[in-house]
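Look at the structure below with its sequence beside it.

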Amino acid sequence: MPEISHGFLPCGIEYGVATLPRRHVVSFQIRVLAGAASEPIERLGLARLVEETLDKGTQRRSGQELSDAFDAIGAGRQSGTGRETMTFTCTTLPEHFELAVQLHAEMLRTPTFPDDAVRINVDLAGQELSALEDEPQALADKLMSPLVYGPVLGRHPLGERETLERLTRADLESFWRTYFHCGRMVVSVVGPVEAERAVGVFARHFGGFGGTTRNGRETRAVKFTSTRTHHHKDLEQEHITIGWPGVEATHKDFPVQQATLGILSGGMSGRLFTEVREKRGLVYWVSAWQETPRGAGMMFLGASTTPERCDQTFTALLREVDRLSEDLVQDELDRAVTGIVASQETRGDTTRSRCAELASDLFFFGRPVPSEEKVAKLQAVTIDDIRRYLAENPRDRLCVLTLGPRPLVDADAKVGSSGGGR
Amino acid sequence: MIQTASPYTLHTLANGLQIVIERMPDVRSAAAGFLVRTGARDETPELAGVSHFLEHMMFKGTGKRTWREITIDFDRMGSSYNAYTSEDRTIYYGWVRKADIARQMELLADMVCSTLPEEEFKTEKNVILEEIAMSKDNIEHVTFDFLQEKVFAGHPLAWPILGYEKTVGSLTRDRMRAYFQRCYAPDNMLLVVAGDVEPAEVIEVAEKLCGSWKPAGPQPKRVPPRIRGGVDVLPIDRFKQQVVALTFPSVGASDPRAETASAAATILGGENSRFFWNIVQKGLAPRAGAHHLEYTDCGVMLLFGACEPERVEPLVEAIRAEARRICRERVGQHEVDRVKNKRRTSLAIEGEAPYYRLTQLMDDMEYYGEPRTVEQMLAEVDAVSAETIAEYFAACPIDVEGHLTSVGPRGWPKE
């Protein structure tokens with residue numbers, strides 16, 4: 001197993017470094033602990049706009065010059081804005097590691113937020129909101145989030161048209177000044193680089209960047225609404241999403257929830273694929289997934305089908321929600337657990353995946369979690385654990401969203417048509 | 001330095017099944033996959049969609065396993081598995097822990113000998129009709145299918161991979177079976193295995209599993225299409241965006257200029273490209289890009305963008321301006337170097353994982369007839385220069401009319 005170092009730099013950055021000597025690339029992620037949930041209510045869309053504009057100019061270079069500098073070392077980079085954090089990830093050949101970090105430091109420490117770039121990115125964000133209307137599943141997610149998470153954690157990173165139009169360069173600069181400092185940064189590095197060197201590189205280029213106080217690690221309240229909502233849209237298919245509260249990533253029952261999810265949708269032998277698609281031919285796409293903001297967990301089922309079959313599909317989905325604790329057999333649980341464990345090993349052969357896993361461990365657990373520990377917890381899950389988990393996390397308060405040409409008309413009576421659950 | 005080159009082994013069974021193995025001693029996993037040389041371009045118009053339908057049917061039962069047993073056996077290994085169909089191939093793969101590679105090969109070899117069970121055929125038809133319905137809600141999918149239909153009109157590359165409701169709806173099991181028996185034969189297939197494996201053992205297992213398969217003999221010869229120009233518009237009110245695409249005849253994947261064409265597309269419309277800075281960052285459209293779309297024997301340079309409908313004219317004007325500029329002015333050395341540097345990193349990333357090597361080896365065998373090491377691929381990247389790009393555009397110009405596809409609420413430019 002690789003040696004994983006974890007700690008805090010004097011400047012306040014939390015770091016984790018996994019040294020994998022035989023890899024051919026280095027991946028690193030810089031996570032800033034602020035996201036859409038950190039935005040002022042009248043400035044929705046601000047965090048993503050900051051992320052989009054950070055690389056459009058620094059005190060030393062124009063946006064294009066900065067991009068050219070990254071490309072000169074062939075750095076593959078992405079950035080993203082979520083509910084609670086913003087991430088900047090990069091994969092590069094080992095010999096360019098320090099320069100890649102240095103360029104990130106320049107981008108995050110000395111952005112100029114040029115006026116024209118701000119104006120254009122505000123306009124582009126508005127156009128992206130329009131484009132979202134042509135992506136049914138992404139639109140369904142956007143509509144579902146405020147229902148299951150409430151008004152703060154349920155925000156969409158793109159914001160709203162009205163709030164986007166208010167945003168100015170001063171807003172971006174203010175957000176950056178408030179949230180971009182070492183005390184809010186968590187760094188993960190994976191690849192053929194010694195921990196001491198990796199830590200030294202970050203210390204050299206980020207040392208002295210803002211306050212050292214550790215911030216941004218608080219949890220935010222979730223406000224779940226049990227409801228059934230239809231959003232009319234002229235589509236070929238009806239999109240159905242069902243959500244209910246689960247457990248957070250650090251909860252002792254999280255491995256049990258992972259196994260439950262695997263039973264529902266871990267592979268093609270999972271219950272949803274088998275019952276809704278393979279036996280009945282009702283859908284092409286059906287899935288179950290979880291989301292775990294810090295301090296909360298949410299389970300989802302989703303499917304899309306032609307309107308005339310949506311009631312039947314909805315009933316079939318509900319049946320799977322209801323019968324989760326029935327008929328469970330050991331082989332089904334074993335398959336679910338094996339699927340998760342094997343996937344960690346196969347995907348773990350890529351440096352980028354290992355980096356994403358380490359970053360996730362640091363965010364949720366505040367420490368690297370050895371693979372053996374995760375595997376042992378998963379392999380210890382029993383059928384009784386799943387039954388207990390399902391009893392303690394009942395599916396009697398569902399949030400149901402349909403997006404498409406018509407609402408559900410004869411859906412299972414156990415789901416209330418407004419607000420009350422079943 | 002990239003040091004990901006791994007030795008590969010080539011072997012052909014007596015029945016014609018080609019086998020390619022790449023040993024990757026530094027990984028903990030292995031991937032196996034069958035490539036069947038059949039896809040949408042091998043179909044007749046009335047059979048449009050049969051290759052893709054067959055891909056679904058391979059999961060539905062064999063002489064040894066029911067559909068349920070096939071999926072259970074994949075999941076018992078914790079395999080990351082799937083299948084997909086393109087215009088010219090159908091691929092089945094599984095990526096597993098290295099200890100499971102023989103089991104994975106056995107399961108894949110069994111599933112491609114499907115019995116095409118009658119009951120499952122009926123149920124799966126509904127699943128595919130749902131897949132077609134889903135694709136119609138995706139404007140990019142709609143645009144791409146429409147573009148292929150018009151640019152390759154009169155040629156099988158014009159059929160959508162999923163087929164049409166009518167052809168899928170009326171397809172009989174007997175007609176599917178005849179197509180299946182002709183195409184799913186060892187002399188029309190390729191087995192690729194990559195990962196921490198022992199080549200001699202892989203060949204031994206493959207011989208045992210596939211050695212008795214009967215060859216089908218020569219397949220109908222594929223003919224390259226004539227690529228059409230013109231303007232085609234598909235007005236659809238319910239979409240919010242207008243998607244436009246300009247296409248120009250280019251070279252196929254087997255052509256030595258293919259790497260240059262891809263690099264040119266990246267300079268025009270990749271990350272940190274001319275389109276990004278001169279179109280997206282000028283606020284004309286949130287999306288604009290270029291892609292070199294290539295098949296073995298033909299290709300097109302595809303320039304595209306999506307925007308709010310009222311902004312489509314300046315978007316297309318800007319795309320055409322960049323197309324003219326890259327044809328008439330030599331690209332800068334820094335632009336070429338930028339693309340090459342990024343390609344080096346992406347090759348190093350792809351060289352890490354058995355599944356990615358598996359797909360690269362399949363491409364190599366189809367396009368070049370032999371596997372390429374990462375070093376060979378890097379050498380081809382290194383050979384790209386401002387001169388080779390200029391020569392490419394002299395032979396395959398994009399400062400001409402080409403073909404314009406427009407899909408969205410406006411009937412532009414025919415309105």
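Over residues 413–422 of chain A, pLDDT stays under 50, where pLDDT is the predictor's confidence in each residue, from 0 to 100. For this stretch the model has 21 contacts beyond four places in sequence; two residues are in contact if their C-beta atoms, placed from the backbone, lie within 7 Å. Chain A as a whole averages a pLDDT of 94, and 96% of the residues score at least 70. This is a predicted model, in which local features need pLDDT of at least 70 and side-chain atom pairs count only at pLDDT 80 or more, while totals for chains, interfaces and linings use all residues. Residues are numbered from 1 along each chain as its sequence is written, and chains are lettered from A and ligands numbered from 1 in the order in which they are written.

Chain A has 15 helices and 11 strands. Helices (H or I, at least four residues) and strands (E, at least two) are DSSP runs, numbered from the N terminus. The radius of gyration of chain A is 23 Å, close to the 22 Å that the globule rule gives for 422 residues, so chain A is as compact as a globular protein of that length. This radius is taken over C-alpha atoms, and the rule is 2.2 Å times the number of residues to the power 0.38. Along the principal axes, the C-alpha atoms of chain A fill a box of roughly 65 × 50 × 35 Å. Of the 422 residues in chain A, 50% are buried, meaning that 20 or more other C-beta atoms, placed from the backbone, lie within 10 Å of the residue's own.

Next comes the contact between the chains. Here 55 residues of chain A are in contact with 56 residues of chain B. Helix 12 of chain A gives the most to the side of chain A that touches chain B, with eight residues. That side divides into 16 nonpolar, 23 polar and 16 charged residues. Ala, Val, Leu, Ile, Met, Phe, Trp, Tyr, Cys and Pro count as nonpolar, Asp, Glu, Lys and Arg as charged, and the others, Gly among them, as polar.

Chain B is assigned domain 1 (8–210) and domain 2 (230–408), with bounds from an automatic or database domain assignment. Taken over C-alpha atoms, 28 Å separate the centres of the two domains of chain B. In chain B, 29 residues of domain 1 are in contact with 22 residues of domain 2. Helix 5 of chain B supplies the largest share of the domain 1 side, eight residues.

Definitions and conventions
Buried ≥ 20, exposed ≤ 12 C-beta atoms within 10 Å, placed from the backbone.
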